[in-house]
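Below are my notes on the aromatic contacts in this model. Please read them alongside the coordinates.

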Amino acid sequence: LMNFRNIVKAKLMNQYDKIRWNKERLMMEIDDEVNDCAYENWKKDTIIEKRGVKVTDASDFKSVLTLGKTPTHTCMDYEGGSYNDCLISNFDECKKVLKIYKDGIQIGRAILRLTKTRERKSSLTFDDVSSVKDAEWSKPNLTIFVEKMYTPCVEKINDAKDEILNFLHEKAKSIGAVLNFA
């Protein structure tokens, strides 16, 4: 509760970005270096619009606070969601909200999480790295992990998949990351 109170206080005092974004905390969270260009491009909210579809990644207070409410109710709804106490975890610098609009109406959202992955024996894995020798692992890859898409209208999301994938590929390219989907 205290952490959420501090986030709200920062928002009211126009200091939200100051507490939201911290490169050192980001690197500590993913346990790897992130160059300045990658950090700035991750931090920047990007928008792509095409064929009446707008795709954006957002990190502003309202987008994070309402991610369990808009465009559809989920367990992270701040008003009675079964896991609304976990909502605060989405205010860290590793996470952004992917928002999809069709003709001005939000039709989908997912959480984007910046992390790192390593490959072992030609397969992507999240195994316990402490039990595997370093020689068996590739160099870590900066990774955008795309969590489950929430939508009240699957057909419209399917119609927008090219724009969504284009957006995600461009965002990943801008920070030198690979994509991984839930």
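Are F61 and F91 buried or exposed? F61 is buried, and F91 is buried as well; buried means under 20% relative accessible area, exposed over 50% and partly exposed in between, with a 1.4 Å probe and protein chains only.

1. Basis. This is a predicted model, in which local features need pLDDT of at least 70 and side-chain atom pairs count only at pLDDT 80 or more, while totals for chains, interfaces and linings use all residues. Residues are numbered from 1 along each chain as its sequence is written, and side-chain values use heavy atoms, with hydrogens and water left out.

2. Ring pairs. Rings of Phe, Tyr and Trp (its six-membered ring) pair if their centres lie within 6.5 Å; planes under 30 degrees apart are stacked, over 60 edge-to-face, and the rest tilted. The count is 5 aromatic pairs. In one of them, the centres of W21 and Y39 are 6.4 Å apart and the planes stand at 80 degrees, so this pair is edge-to-face. W21 sits in the loop between helix 2 (16–20) and helix 3 (23–30), and Y39, 18 residues away, in helix 4 (residues 36–43). Helices are DSSP runs of H or I with at least four residues, strands runs of E with at least two, numbered from the N terminus. W21 is buried at 9% relative accessible area, and Y39 is buried at 7%.

3. F61 and F91. Their ring centres are 5.8 Å apart with planes at 40 degrees, so the pair is tilted. F61 belongs to helix 5 (residues 61–65) and F91 to the loop between helix 5 and strand 3 (95–102), so the pair ties together parts 30 residues apart in sequence. Ring pairs also join F4, Y16, F61 and F91 into a cluster.
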